[in-house]
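Student: I have a structure on my screen and would like to learn how to read it. Can we go through some features one by one?

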Amino acid sequence: MPSVALVASSFLPRVGGVEEHVRHLALTLAARGWRVAVWAVDRGDEPAHLPGVTVRYLPAPLPSASPRGVARFALAAPGAWAEWRAAARTDRPDVVHVHCHGPNGPWATAVARSLGVPLVAGAHGETFMDPVIDRSVALRRGLAWSLRRAAAVTACSRYAADDLDRFGGPACGSVDVVGNGVDLDEAAGALPGWAPPRYVLGLGRLVPVKGFDLLVRAFAQACRAGALDDDVRLVVAGDGPERGPLGALAQELGVGDRVLLPGALTRGEVVAVTAAAEALVVPSRVEAFGIVVLEGLRAGVPVVVSSRGGAGEIVTDGVDGLLVDPFAPDALATALVRLADPALRVRLGAAARRTVAAWTWDAVADRVEAVYARVTAAAPAEATA
């Protein structure tokens, strides 16, 4: 039985694209007969349970630039290394696959080298979605080291792959683009009582990079122009530090009574709310991939997708969605106005359902297994303990 360790920078019960990717990949590989372990950075969370998958939370200290930070690392490193080595001896992975380089990356690279097994370095857009890596010398050097040592490198999009060049690029010579997936049969819950009869939807973490302030401004512009029916609302679902400021912005722009900020949704509510929307808008300032785009395609609703980043690699403009530059004057507002046309919504939605059929977690696992087969067939590196 082949074995793999998926080494995540963050994992359940936390939520996000990396957590979803690792969870679904782990379950799909386990169902295919793999012995799967998830090694996640210990962030003090309650351990998650995945059927048929071993989940471990491991310490991953890194040195900081200050003498005190170096001293703390020196004290913590031996105990941390003992825990990583114990996990490796118990789980005996044939492949170590890093997902989203953070403190997990250098530790996973070291343990793969000590075991003499192939390392796969997986990028999920952390090099541009999270400013921490640009502020941390240890993380930048750790990422460069992992890219030099990796037998293969995966990235969630071509955009994410290209950004690795800033850190020296992969020594293996190329990057395998392995996107995210979506469960085509995920069950819908009940539509929440707050859902209006007609609405445009924004969905995700309410943080600046997701660009929901740009969406609120575009919605207000379309409303002022009288281009949207009076009964159309904007729903921005999710939680985060921008929730309050987004509400204040809607009030300032005169659309406070037409913008709803209901907070975080359950998975069943995500499915139901997306399916009932007239359109889904992903206005990110930059986006590594955008699982939410796949959720919109699955629902058969027209999607408006930011052209900045990997999300634009999923949608073909004018065929199964609309691509816009969220920073271009009037671009988002113009897209909202275009989607007031029911015939266009129907055409894009029908094409969306056809497109999403290729973006399943089984398809993701196929691509990952092909990478694993390639690196394990090569001569293993010599263990250095």
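Student: Which elements make a right-handed β-α-β unit with β4?

Tutor: A reminder before we start: this model is predicted. The unit is made of β4, α3 and β5, and it is right-handed.

Student: In which sense do β4 and β5 pair, parallel or antiparallel?

Tutor: They pair in the parallel sense, over four bridges. Take one bridge as an example. His 99 has Gly 122 of β5 as its partner.

Student: Is β5 enclosed or open?

Tutor: Count its buried residues. Five of the five are buried, so β5 is largely enclosed by the rest of the structure. Now look at the two faces. Leu 119, Ala 121 and Ala 123 lie on one side, with Val 120 and Gly 122 on the other, and all of them are buried.

Student: What does β9 pair with?

Tutor: Strand β8, residues 199-203, runs parallel to β9 and is joined to it by five bridges. Leu 201 has Val 235 of β9 as its bridge partner. Strand β10, residues 259-263, also pairs with β9 in the parallel sense, over three bridges. There, Ala 237 stands opposite Gly 263.

Student: Which helices belong to the β-α-β units with β9?

Tutor: Helix α8, residues 212-224, goes with β8 and β9 in a right-handed unit. Helix α9, residues 243-252, goes with β9 and β10, again right-handed. As for burial, four of the five residues of β9 are buried, so the strand is mostly covered.

Student: Which elements each supply at least two residues of its lining?

Tutor: For the largest cavity, they are β5 and α6, residues 137-149. Its lining residues include Ala 121, Gly 122, Leu 143 and Leu 147. By class, this lining has seven nonpolar, four polar and one charged residues.

Student: What is the volume of the second largest cavity, and what lines it?

Tutor: The volume is about 50 Å³. Among its lining residues are His 21, His 97, His 99, His 124 and Cys 156. β4, β5 and β6 each supply at least two residues of this lining. It has five nonpolar residues, six polar and no charged.

Student: One last feature. How many aromatic pairs are there?

Tutor: A pair of aromatic rings is described by the distance of the centres and the angle of the planes. A search of the whole structure finds six such pairs. In one of them, the rings of Trp 81 and Trp 107 have centres 6.4 Å apart and planes at 35°, so this pair is tilted. It links distant parts of the chain: Trp 81 is in helix α2, Trp 107 is in helix α3, and they are 26 residues apart.

Student: Is Trp 107 buried or exposed?

Tutor: Trp 107 is buried, at 8% relative accessibility. Trp 81, at 27%, is partly exposed. Both belong to a cluster, linked by ring pairs, that also holds Trp 39 and Trp 84.

Key: Residues are numbered from 1 along each chain as its sequence is written. This is a predicted model: local features need pLDDT of at least 70, side-chain atom pairs count only at pLDDT 80 or more; totals for chains, interfaces and linings use all residues. Side-chain values use heavy atoms; hydrogens and water are left out. Rings of Phe, Tyr and Trp (its six-membered ring) pair if their centres lie within 6.5 Å; planes under 30 degrees apart count as stacked, over 60 as edge-to-face and the rest as tilted. Buried means under 20% relative accessible area, exposed over 50%, partly exposed in between (1.4 Å probe, protein chains only). On a 1 Å grid over the protein atoms alone, a cavity is a set of points where a 1.4 Å probe fits but cannot get out, and a pocket is an open set with protein on both sides within 12 Å along at least five of seven lines; lining residues have an atom within 4 Å of a point. Ala, Val, Leu, Ile, Met, Phe, Trp, Tyr, Cys and Pro count as nonpolar, Asp, Glu, Lys and Arg as charged, and the others, Gly among them, as polar. Grid points are joined across faces, edges and corners, and a volume is the space filled by probe spheres set on the points. Two strands pair if DSSP finds at least two bridges between them. A crossover is right-handed if, with the strands pointing away from the viewer, the path from the first strand over the helix to the second runs clockwise.
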